[in-house]
Amino acid sequence: MADVTVDARGLQCPMPVIKTAQAMAGLSAGQTVELLATDRGTLSDIPAWTKDMGHALVGQSEGDGEFRFLIEKR
Amino acid sequence: MTTSTGSPEKASEQVPDKMVLIAASGDLDKAWPVLILATTGAAYGMEVTVFFTFWGLGILKRPDAGITGEDWRQRMLSVFRRGSPQGLQLSTLNFGGLGARMMRDLADDHKVASVQELLEMAQQLGVKLWPCQMTMDLMGLAPGDLIDGLDEPAGAGSAISLMKQAKISLFI
């Protein structure tokens with residue numbers, strides 16, 4: 001279970017990344033953010049952002065046109 | 001597993017990387033990418049500054065600024081280039097404003113954040129918005145004609161000084 005869930009379904013670039021970053025800012029290391037999105041761009045944007053920021057993508061799945069990412073703050 | 005350069009987990013604790021965008025166009029189709037990149041840069045923990053010059057300064061005009069300037073030429077400019085996020089036009093296929101309106105409706109339908117929303121988001125994220133002093137003088141714009149929450153007007157020297165240190169500098 002994630003510490004925070006960001007529901008960015010329906011939102012387009014750049015909002016999923018921005019909302020994830022905002023949610024992440026309020027957490028401490030080891031806590032997680034779950035992102036729900038429908039923007040296909042998140043498939044490349046979220047792993048890139050997570051890696052560049054030094055966080056860890058600990059889970060990723062998709063189904064019914066929705067993408068789910070679980071990111072752990074490092 | 002390949003080792004990446006540097007240590008990203010430490011990056012946020014150090015001095016943030018800088019990103020500078022020069023917004024020189026007052027076209028809707030340029031204002032959008034400027035603000036999308038600015039907000040995303042901020043989401044990357046970067047210190048982002050957008051320098052608004054020439055037509056780009058129009059993005060920062062208040063929607064209710066009305067006719068601005070003292071000189072008749074400045075006043076005429078403000079009539080034909082209303083500026084403000086709501087007044088921006090497309091660089092192509094504009095058809096006297098019809099194209100811009102259609103594009104805004106389309107963006108709305110696809111839940112693409114508007115220029116106005118992105119501008120507010122940029123301010124919330126701490127993006128620095130610099131109006132160009134020379135453009136303000138040239139076009140007869142007073143600080144009161146521009147939206148609130150901007151940084152002090154600056155010039156090319158400040159922009160270059162910042163770009164010298166910046167990791168990303170773009171002219172849009």
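**A tour of chains A and B**

Between chain A and chain B, 5 residue pairs are in polar contact, counting pairs with both residues at pLDDT 80 or more. The model you have open is a predicted one.

**Stop 1: the interface.** Show both chains and look at where they meet. The elements of chain A that give two or more residues to the side touching chain B are helix 1 (15-25) and helix 2. Select helix 1 of chain A: with 5 residues, helix 1 gives the most to that side. Now colour the residues on the side of chain A that touches chain B by type; they divide into 10 nonpolar, 4 polar and 2 charged.

Next, select both sides of the contact, which takes 16 residues from chain A and 16 residues from chain B. How much area do chain A and chain B bury between them? The value is about 1300 Å², with 68% of it on carbon and sulfur atoms. If you search for salt bridges across the interface of chain A and chain B, the rule finds 0.

**Stop 2: the sheet of chain A.** Chain A has an open sheet of 4 strands in the order 1-2-4-3, and the pairing is mixed. Select strand 1 (4-8) and strand 3 (56-63) of chain A; these are the edge strands, each pairing on one side only. On average, neighbouring strands of this sheet are turned by 15° against each other, direction ignored.

Move to strand 2 (residues 32-37) and strand 4 (residues 66-72) of chain A, which pair in the antiparallel sense over 6 bridges. To see one bridge, select Glu34(A), whose partner in strand 4 of chain A is Leu70(A).

Stop 3: Switch to chain B. Here 4 strands form an open sheet in the order 3-2-1-4, with parallel pairing. Which strands are at the edges? They are strand 3 (128-131) and strand 4 (168-171) of chain B. The twist averages 15° from one strand to the next.

Select strand 1 (residues 18-23) of chain B, which pairs with strand 4 of chain B in the parallel sense over 4 bridges. Within this pair, Ile22(B) stands opposite Phe171(B) of strand 4.

Definitions and conventions. Residues numbered from 1 in each chain as written. Chains lettered and ligands numbered in written order. Predicted model: local features only at pLDDT ≥ 70, side-chain atom pairs only at ≥ 80, totals over all residues. Heavy atoms only, no water. Pairing = 2+ DSSP bridges. Axes fitted to C-alpha atoms, helices over the stretch in contact; angles between N-to-C directions. Contact = heavy atoms within 4.5 Å. Buried area = accessible area lost by both parts, 1.4 Å probe. Salt bridge = Lys/Arg side-chain N within 4 Å of Asp/Glu carboxyl O. Polar contact = N/O pair within 3.5 Å; in protein donor to acceptor, adjacent residues only side chain to side chain. Nonpolar A, V, L, I, M, F, W, Y, C, P; charged D, E, K, R; others polar.
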